[in-house]
Amino acid sequence: MIPVEPSDEETQKAEDAMRLLIGETEVPVTWENNASVEALKELSPVTIQMSMYGGFEQVGSIGQSIVRNDVQTETSCGDIVLYSGNQIVIFYGSNSWTYTRLGHVDLSQQEMREMLGSGDVAITLE
């Protein structure tokens, strides 16, 4: 099999991609293509102290408000959203509320619960 070299566009996307660490573990994320994600990229690197809330999510303040485009949203495990323009929420369960979608952690529900369901965590965007 002949190896296929990534295109310039694919290479640029990889270089532009924001990384998410939960604690010390980098997790795979599919980021949305929107102004809120671009604003987060400009803030990074940033570490955010998260707190468990409701038994289905971790919430943390990003320290300032960024652009948002809230819509009524049904979330599922792995979803990353912006709440009130100044808080990041990562779900290990589900909810319905008005959020701006930021991305999705590409891990199983069990993996998400193990990482987020046992106490407060810190996340790093870089």
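Because the model is predicted, local features need pLDDT of at least 70 and side-chain atom pairs count only at pLDDT 80 or more, while totals for chains, interfaces and linings use all residues. Residues are numbered from 1 along each chain as its sequence is written, and side-chain values use heavy atoms, with hydrogens and water left out.

The chain has three helices and 11 strands; here helices (H or I, at least four residues) and strands (E, at least two) are DSSP runs, numbered from the N terminus. Reading from the N terminus, the order of elements is α-β-β-β-α-β-β-β-β-β-β-β-α-β. Of the 126 residues, 38% count as buried, where buried means under 20% relative accessible area, exposed over 50%, and partly exposed in between (1.4 Å probe, protein chains only).

Next come the aromatic rings. Rings of Phe, Tyr and Trp (its six-membered ring) pair if their centres lie within 6.5 Å; planes under 30 degrees apart count as stacked, over 60 as edge-to-face, and the rest as tilted. By this rule there are three aromatic pairs. One of them joins Phe56 and Phe91, whose ring centres are 6.3 Å apart with planes at 5°, so this pair is stacked. Phe56 sits in the loop between β5 (51–53) and β6, and Phe91 in strand β9, so the pair ties together parts that are 35 residues apart in sequence. Both Phe56 and Phe91 are buried. Phe91 also pairs with Tyr99, this time edge-to-face, at 5.7 Å centre to centre and 75° between the planes. Tyr99, like Phe91, is buried. Put together, Phe56, Tyr83, Phe91 and Tyr99 make up one aromatic cluster.

Several of these names come back in the second largest pocket, lined by Tyr53, Phe56, Glu57, Val59, Tyr83, Gln87, Val89, Asn95, Trp97 and Tyr99. On a 1 Å grid over the protein atoms alone, a pocket is an open set of points where a 1.4 Å probe fits, with protein on both sides within 12 Å along at least five of seven lines, and lining residues have an atom within 4 Å of a point. The volume of this pocket is about 160 Å³, taken as the space filled by probe spheres set on the points, with grid points joined across faces, edges and corners. Two or more lining residues come from each of β6 (57–61), β9 (87–91) and β10 (95–105), and β10 gives the largest share, three residues. The lining splits into seven nonpolar residues, two polar and one charged. In that count Ala, Val, Leu, Ile, Met, Phe, Trp, Tyr, Cys and Pro are nonpolar, Asp, Glu, Lys and Arg charged, and the others, Gly among them, polar.

Thr75 lies in strand β7 (residues 71–75) and, at 5% relative accessibility, counts as buried. Beyond its neighbours within four places in sequence, Thr75 is in contact with Val81, Phe91, Ser94, Asn95, Tyr99 and Arg101. Ser94, in the loop between β9 and β10, is partly exposed at 48% relative accessible area. Leaving out residues up to four places away in sequence, Ser94 touches Phe56, Thr75 and Ser76. Ser76 belongs to the loop between β7 and β8 and is partly exposed at 36%.

A cis peptide bond, with omega about 5°, joins Ser44 and Pro45; Pro45 is in the loop between α2 (35–43) and β4 (46–49). Ser84 has a positive phi near 55° despite being a residue other than glycine. Ser84 sits in the loop between β8 (79–83) and β9 and is partly exposed, with a relative accessible area of 31%.

Conventions. Contact = heavy atoms within 4.5 Å.
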